[in-house]
Amino acid sequence: MLLGEQEQFLSYNGEVLIFQLSKPKHMEGAADKTMNLCVRRMAFNRDTKLFVQKSSGVFSMHASHLKIEIICCGCTTDSRTGIILPCILMKKKKNPNVVKYLLLLLHNSNQFEQSFHFKLDYELKEDIRLATGPSVLWRHANKLFYISSNTCTVLSAPVQLSSVVWTGEIEDEGTVVLGIRTACLPENEDEDEFSTSDRAIWGSEFFGYAIETQKMLTGTCFMPHAYSRVVSSVCICKNEILKKQLQISLVAITHKNQLIWFQDGLPKGVCELPYEKPCSVKTAVISSNDLLFVVSFASGNVCVVQRRDSLQVASKWQKVKSVLVDDFIGSGSEQLLLLFKDDSNIDVLSTFEITDLGEVNYASGINYKHDVSAAEELQENGLLTVQALEARLQAGRTSVRELQQHLGLKKRVILESCRALIDLVEERTHILPTAKEVKCRREYRSLLNSAEPFEGLVSLWDDVENPPHSLSKETSLTSKVPEHFKEKLWQRVVGDSLVVGVKLTESFYLSLHDVSLSLVMDQDFSSISPIIECRNKIIKLNKAFSALAVSSCHIEPPPKKMKLDLHSEKDLKEECPKRCSRVQLGGAKTVVAVTSLSPLLAFHRVCCIVLLHVKKQKHRNDSLQESKKITVLCGKILLSLEDISNGKYSVKMLRDNSYCTGSMEDILAVLAVSVRFSFQIVSSDCTLTPVNSWLLGEMECTPFKECHDNIFCHKAGNVYGTVFNWTLKNPFEGVLTLFCR
C-alpha cells in the first residue's frame, strides 16, 4: 500500500469492494491537481481459495490545495429505483471554516454518480450514518442534522440528543434514528409511573425519531430507560407491526463490556464480552439458520456471540483490520470475512479467513492438498448419481415415445373425421383407406425412420349391411335446409385478423337457435389439423348497433356450443323469442368468424371451406322444441398472399361529404375484431353537453352512410378506427358505446 493512501472495505452481493484514495502518478515537474478514488471488485475463487479481481473503476476529483478524505461507506437504497447501491461519503477541506462533503453512488458498471454535495463550517466527527435515499445523518452540538438526495439541503431535527445508537428502517415509519437524550419529565402524572421514575432516576432516556414523518417514537418499545447510561451501539434484528403495536427484537452492546438481548423492550439475555471497548455489532445468518452477533472492538479484536439456549461467545480473533458479513462463497447463506492486519503484505486481501463457525472454513496460507481424497470420493458419488439419472432419463424417453404414438393416433383419427365431415356436407361417399394403402403408408414412414407407426382406421358404422341407407339418412338431414338460406358470403382482412361472414336469409335465421361458423382448409395437409381456430360472433345492425358474442375462443366445431349470453334453460326459453324479434327489426343477420391471419399466410395460397353449424327450432303449441344440430356448406373462400398485398380484402373507411363510405361488410368486420365497452353517463345537477358535437368535431368522427347514429373515428393515433355510438335517454342521462381494438 502506497504512503498516504486511504482504504475502506465494503461487502456487496458477495463481493468485496476496496475503495482507495490516492494521487495519480504524474510526469516529473507536472502539477498535482487531481485525486483518484479507485474501486476494485474482488470475488472469492473456490478453486484457488483466493480473492481475484473482477473489475475496477476510477473517479477523479479536483484536488488543488484541497485535503480529500474518505469519511465512511455503506450500502443504501436508491429511492429513485429501489435498488441497494454502495455509497461513499467524501470530504474536501480547503480551510477550517469551509468543509465540503460529497456523496457518491457506485453502479454495477463501476461508474460513480454524484448524488449530492453540501458545505459546512465545521467537520463531521460524531455519529455519522448513511441511510436510505441516500441520505447522511450526523450529530453536532447535541443536535441531529440530516440531508438527502431529495432535499439537497441540510435540515435540523427538533430534538436534543447526546448520542445516536442506531439508524435504520422501521416498518410503516421509514428511516428512524434511535438516540439518547436528557430525560424530559412530564409536568402531569398521566404517563406511566414506571417510565417516569425510571427517567427521573437515570436522568436520560431513549427516543426514536422518524425522519420522513418527523414523528417521535416511544423509547421504551426499544429498551428500558435504565440502559440509556451504558448502551453504546444497537443492532435491530427484527421489527414488525402486530395488532397495531410495534414489535422489536434487538441486541445492544454496553460500556460494561456486555451484549444484551431485548425483546419488545424487555431484556431476555446477557453475555459478557471477552474484550474491552466494544464499538459496533452486526448480525449474520449462517447455513444452519442460526443467528450470530459479530462484535467489533476498538483494539481491533472481534468476537462472535451465538444465541441458542443462552448467549455465549462462540469464537474470537485478534488483530483484525475489518470484518464483513455476506455470502462470499455463493452457498445461499452468510459467512464472516475477517481481514487481518499484516504489514508485510501489500495486497489487502492476502491475509483473511472465511467462516460460518461450521462447515465453511477457508483461510489464506493453508495448503488444501489433503482435500484431494475427499474430492475423489465426491467425484465417485457424482458418477453414481449420473448413472441413476441416465436410467431415469431412458425410462422417461420410453414414456414420451409411447405418448407420441398415442397422440399421433388421435391426430390421424381427427384428420380422417374431418375428411369424412367434408365429404358428408358435399354429399360425397367417404371411403376409408384400404389395407394396401395402410401398408404403403407404414412402409413410407419406416423409410423416414419414424418411430410413430401408422394404424389402420376402422369405420364405426356398419358399412357392410346397407351403406347407401346410412348415406341417405345423413343427406336427408341436409336436404331440409332451404336452397337459398344465405344471401352473401364475404371475407375481410383487418390488421392481423381474417374475418369471414355469412349473411343469412331472414326466413332461415328466424328458425335457428344456435349458430356458429367453422373454417376448414380444403387442402390435404397430413402434418397439421385442417380445422382453423376461430371465434364466432353474431352481429345485428340496428339503432343500438350491438354485437353479441357467441363464444370467446374455441376450435370449431366444439362438442357443445355456448348459448348467446344465456345462463340456463329458463333464460333460453325466455330470451330466444325476444332476440328473434329484435333481429327481425334490425334487418341484417350475419354470422361472423374471426381467426388469426399469420398462420394462413405460411401456405401462400389456401382454400377454406365455410361450414355453418345450426340448431333448428320449432314452435308447437306455444312451446319451444329443438331439432338435431345440422351442418350446412356455405361455400369456399380463397386466400392468397398476392390478394392481401394488393389490399383486395382490406377494410376501406374513407370520408365522402361528411360521411364514412365503408360498406356494410367493412362495418361488420370492424365490429367483429373490436371489443365493446358501454359507459352510462349521468348528470343530476345540469344537462349534458352535446356529445355528438364533440365526437364530430374534436374527435374527427364521421357517421356511416348505412347507419347515421354510429360514427367512425378518423383521428390519427391509437384512437383511429374506434366506432362510437351516443344514445341520449334524457337531457340528464346517456349511454356512450365504444367498439375499439
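Tutor: One term before we start: two residues are in contact when heavy atoms of theirs lie within 4.5 Å. Also keep in mind that this is a predicted model.

Student: Fine. Which residues does L37 touch, leaving out those up to four places away in sequence?
Tutor: L37 touches F19, Q20, L21, G57, V58, F59, M61, I70, M90, L104 and F112.

Student: Which residues have the most contacts inside the largest nonpolar core?
Tutor: They are F19, L37, M90, F112 and W138, in a core of 38 residues. Strand β7, residues 98–106, gives the most to this core, with 7 residues.

Student: What about a second core?
Tutor: A second, separate core has 29 residues, including V515, L519, L612 and I644.

Student: Zooming out, how many helices and strands does the protein chain have?
Tutor: The chain has 10 helices and 44 strands. It is 741 residues in length, and 44% of them count as buried.

Student: Switching to rings. How many aromatic pairs are there?
Tutor: The count is 14 aromatic pairs. In one of them, F59 and F112, the ring centres are 5.8 Å apart and the planes are at 50 degrees, so the pair is tilted.

Student: Where do F59 and F112 lie?
Tutor: F59 is in strand β4 (residues 50–62) and F112 is in strand β8 (residues 112–120), so the pair ties together parts that are 53 residues apart in sequence. Both F59 and F112 are buried.

Student: And how are the rings of Y227 and F262 arranged?
Tutor: That pair is edge-to-face, because the planes are at 85 degrees, with the centres 5.0 Å apart. Y227 is in the loop between β16 and β17, while F262 is in strand β19, 35 residues away.

Student: Are those two buried or exposed?
Tutor: Y227 is partly exposed, at 23% relative accessible area. F262 is buried, at 0%.

Student: Which charged residue lies over the face of W261?
Tutor: R307 does, at 4.2 Å from the ring centre. Likewise, R181 lies over the face of F207, at 4.9 Å from the ring centre.

Student: Last topic. How many disulfides does the structure hold?
Tutor: It holds 0 disulfides.

Conventions
Residues numbered from 1 in each chain as written. Predicted model: local features only at pLDDT ≥ 70, side-chain atom pairs only at ≥ 80, totals over all residues. Heavy atoms only, no water. Disulfide = S-S within 2.5 Å. Helix = DSSP H or I, 4+ residues; strand = E, 2+ residues; numbered from the N terminus. Buried < 20%, exposed > 50% of the residue type's maximum accessible area, 1.4 Å probe, protein only. Core = buried A, V, L, I, M, F, W, Y, C linked by side-chain atoms within 4.5 Å. Phe/Tyr/Trp six-rings, centres within 6.5 Å; stacked < 30°, edge-to-face > 60°. Lys NZ or Arg CZ within 6 Å of the ring centre and 35° of its normal.
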